[in-house]
Amino acid sequence: MSAPETRLPAPAAPPPAHRPHIPAEQNLPEITVKAVLLGMALSVVLGAANAYLGLFAGMTVSASIPAAVISMAVLRLFRDSNILENNIVQTAASAGESLAAGVIFTIPALVLIGVWSGFGYWQTTLIAGTGGLVGVLFTIPLRRALIVDEPLRFPEGVATAEVLKVGESGGGVKILAWAGLLGAVFKLGTSGVKLWGEAVEGARRVGGSIAYLGTNVSPALVAVGYIVGLNIAVLMFLGGALNWWVAIPILAATQGIPAGVSPADHAWTLWSTQTRYLGVGAMVVGGLWALISLRRSLLSGIASGIAAYRRVRQGGGAALPRTERDTPIQWVGLALLVGLIPLFLIFWRQTDVVWLSLLMALIVVVAGFLFSAVAGYMAGLVGSSNNPISGVTIATILVSSLVLLALLGADSVIGPAAAIFIGATVCCAAAIAGDNMQDLKAGHLLGATPVRQQVMQFVGVIAAALVMAPILMLLLEAYGIGAPTATHPNPLPAPQATLMAAVASGVFGGGLPVGMVVLGGFVAALVIALDEGLKRRGSTFRAPVLAVAVGIYLPLELEVPILLGGLIAWAAGRFYTRSTLRGGHQDQAPIAEARSTGERNGLLFAAGLITGEALLGILLAIPIFAASRMGMAPEASRNILAFLGPEPWGGWGDLLGLVLLALVMVAIYRVAVGPLRR
């Protein structure tokens, strides 16, 4: 994906074409006590929900719009609330959910490779908090370059601003609440009472090979597909189909199926030990391609940020309009130096080598800034929900592992852990950077004060960092993370963290199936060539390589409901298109208004399904955790709420789950097209 041409820095004042919703001359209250408290609370809640979703599905979604809707509903109870105050709340809340993505993509890898037995509170908190703060700091000098000077879309930032502008009626809160309740009840039936299974799957021998088909029964995954849209959903499914319908059958036919092993079990064995590493190679190549394709824009963006700082120094910060005041650059540098101290101490405690800890901190600074810029730019192109954070993190861990391998040798015990520590910090920084740029774009359109938003980004990061360790520990104890075990036969897959662990350990231990990694890289190169061809033809359908790479890596059962969600979004769009065509040359304003409302309502309904299911998943972990701590057997503790026994209706339970999931899909569609039907 090549970047658009970057222009030279603009004057300090906003471009004439941009007229903020609240003019710079009007100074409304933004950071208030109620806004800070609500922002911190939403940061914790939405961060917890995204942590569960990421460990479960390998994807996270932006919480800016749900946070904005909730904020409007709560602050409307106060007479003196305003739109900029609502924007401050969603800024803090979305920082929390983004930090959760950076944490769950990487830090569980330390448990998976055996360096940690659990999630130590202060170590986890300091890595998450420091990485998040680094991400905030690195986006400050890039704000003008990527938001004011660069004509990027920032789709979620624009959407958030529009929701805040038109959301004074508060109708979106009801949609969000009902969807959240529906998602929670569905999760209770699946993982709590266990009236039906979490997935429906089957495999058969076909000749000497395997044919597999399966789907997860999760409204949250359908909602993810609805949010990312048909293009990304199709690419993810095609990646999964390439793995499960091409690679696995070929291996099964050439290697044979062991006697006494079911086809489904053998398919999962081939995926876990061999074919998922096709996704590793594809992600590495995709991450490197992202850097290569953005190199000119990154360099010019950095130059633009430096030039903007020089203009401020020459003209005086007080001469800037309120809507263009960033955190002073000298405070950014000082905060960065102070923030690296606890990071160095964590590295030193883990490695017990001073020079190595200093080197790790240096790599964090260089890679953190580079990948924060990449994440911010990519958020402007495709949105933070589609941001390829995992790809650039894998590239970071791979390069760090190779550097440490050259310095420490292949027999190093601390090498894999050191690479993951670096990757975890950089991943948190990149995740925060992409989301923060969306928030700053929304603020730019609304007329917010950038420095106040940046302060609330710090607040949101700190609030979420303080609760990440206990949330991860709760999920680890209740469900398990990574590979199935006798205690946790159906763990949270944590696909990205498992991938990070495999890359770091494989570089040092030689356990990577190199042939699969290389073949995956070749597949990625073909996808990149295809995408470049689609771009030259001006096609609306694109093929971003990291979407395919994630699809190759994830289990197919997760990608089927995501594809179904993408199809619902497409069908809703087609409904409005057909309505427009039927209208002919008549006034299309009512249809356009209905479409805008329907898109917002559908997005809120999908976000509610995700939030409700994820939060109940965390709540269900509490009784499971308590039962295991009281000495109850693992099987009994897992089924503590299943008063009828797990899946009491057998195959009829699977049918029930599929029927209920179909009804949820119908509900999403009807909500999305409802404004025009009325």
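Tutor: Let's take the overall fold, then salt bridges, cores, a helix pair and one tryptophan.
Tutor: Before that, this is a predicted model, so to speak of ground rules: local features need pLDDT of at least 70, side-chain atom pairs count only at pLDDT 80 or more, and totals for chains, interfaces and linings use all residues. Residues are numbered from 1 along each chain as its sequence is written, and side-chain values use heavy atoms, with hydrogens and water left out.

Student: Fine. How many helices and strands does the protein chain have?

Tutor: There are 23 helices and two strands. Both are DSSP runs numbered from the N terminus, helices being H or I with at least four residues and strands E with at least two.

Student: And what share of the residues is buried?

Tutor: Of the 678 residues, 58% are buried. Buried means under 20% relative accessible area, exposed over 50%, and partly exposed in between, with a 1.4 Å probe and protein chains only.

Student: What about contacts between residues at least 6 apart in sequence?

Tutor: Of those, 83% join residues at least 24 apart. A contact is heavy atoms within 4.5 Å.

Student: Switching to charges. How many salt bridges does a search of the whole structure find?

Tutor: Seven. The cut-off is a side-chain nitrogen of Lys or Arg within 4 Å of a carboxyl oxygen of Asp or Glu. One of them pairs R322 with E30, at 3.6 Å from N to O. R322 is in the loop between α11 (295-315) and α12 (329-351), while E30 is in the segment before α1 (33-57), and the two are 292 residues apart.

Student: Are R322 and E30 buried or exposed?

Tutor: R322 is buried at 5% relative accessible area, and E30 is buried too, at 2%.

Student: Which side chain does K34 meet in a salt bridge?

Tutor: That would be E85, at 3.0 Å from N to O. K34 sits in helix α1 and E85 in helix α3 (residues 83-106), 51 residues apart. Both K34 and E85 are buried.

Student: OK, and E599 with R595, where are they?

Tutor: They're four residues apart in helix α21 (residues 589-629), so about one helical turn separates them. E599 is partly exposed at 46%, and R595 is partly exposed at 28%. Elsewhere, salt bridges that share partners join E30, R322 and R452 into one network.

Student: New topic: which residues touch the most other members of the largest nonpolar core?

Tutor: L99, F421, L475 and Y479, out of 185 residues in that core. A nonpolar core here is a set of buried Ala, Val, Leu, Ile, Met, Phe, Trp, Tyr and Cys residues joined through side-chain atoms within 4.5 Å.

Student: At what angle do α3 and α17 pack?

Tutor: About 45°, with the axes 6 Å apart; α17 covers residues 495-509. So α3 and α17 are oblique to each other. The contact is made by I104, F105 and T106 of α3 and Q496, A497 and M500 of α17.

Student: Last one: is W331 buried or exposed?

Tutor: W331, in helix α12, counts as exposed at 53% relative accessibility. The C-alpha atoms of W331 and L137 are separated by 9.3 Å, though these residues are 194 apart along the chain.

How values were computed
Axes fitted to C-alpha atoms, helices over the stretch in contact; angles between N-to-C directions. Parallel < 35°, antiparallel > 145°, perpendicular 65-115°, else oblique.
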